[in-house]
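Biologist: Please put the model on the screen, and I will ask what lies behind the terms used for it.

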Amino acid sequence: MSKKIVELKSKKKVEIREMSIDEIDYCNDIAVLKYEKGELSHMAGFSKARTAWLRRGIKGGDFKVFKVDENGFPEDSIIKQLTEDEKNELVQLIQDYQSLGE
């Protein structure tokens, strides 16, 4: 895939990285939905899943100083620069980018 830069509603620009299938599976498997008698009874892990998508999907962008950890993922200081609305919007854009075919 080519370089992908998105502009959030807040006008912040973020570069999204292409994730491996294993990374996508990891992010998808974090959230847990439990059903009883066909009805949703419990949900867990959504904040962890959102952070995993952001950590693995952000490659750069309009951040004060962009730093990565020893694994090459954005440090906490990068994710903390995003508002809740920006995080939610960006996760959807990251997921959409991963599902694009070649």
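Modeller: This is a predicted model. Along the sequence, the protein chain runs β-β-α-β-β-α-β-α-α, with four helices and five strands. The C-alpha trace spans about 50 × 30 × 30 Å along its principal axes.

Biologist: What makes Leu33, Tyr35, Leu40, Met43 and Phe46 a nonpolar patch?

Modeller: A patch takes residues with over 30% relative accessible area and no salt bridge, and nonpolar side chains are joined within 5 Å. Leu33, Tyr35, Leu40, Met43 and Phe46 form such a patch on the surface, with about 520 Å² of accessible area together. Strand E3 (32–36) and strand E4 (39–44) each supply at least two of its residues; Tyr35, for one, is placed in E3.

Biologist: Why is the crossing of H2 and H4 called left-handed?

Modeller: The term applies if the near helix is turned anticlockwise from the far one by less than a right angle. The axes of H2 (residues 46–57) and H4 (residues 84–98) cross at roughly 65°, and H2 passes H4 in the left-handed sense. The two axes come within 9 Å.

Biologist: Which residues of H2 meet H4?

Modeller: Arg50, Trp53, Leu54 and Gly57 in H2 meet a set in H4 that includes Glu84, Leu90, Val91 and Ile94.

Biologist: What is Val65 in contact with, leaving aside its neighbours within four places in sequence?

Modeller: Val65 is in contact with Ile78 and Gln81; contact means heavy atoms within 4.5 Å. Val65 is in the loop between strand E5 (58–61) and helix H3 (76–79). For Val65 and Ser77, 12 residues apart along the chain, the C-alpha atoms are separated by 8.7 Å.

Methods:
Residues numbered from 1 in each chain as written. Predicted model: local features only at pLDDT ≥ 70, side-chain atom pairs only at ≥ 80, totals over all residues. Heavy atoms only, no water. Axes fitted to C-alpha atoms, helices over the stretch in contact; angles between N-to-C directions. Patch = residues over 30% accessible without salt bridge, like charges linked within 9 Å, V, L, I, M, F, W, Y side chains within 5 Å. Areas by Shrake-Rupley, 256 points an atom, 1.4 Å probe, with all protein chains shown as cover. Salt bridge = Lys/Arg side-chain N within 4 Å of Asp/Glu carboxyl O.
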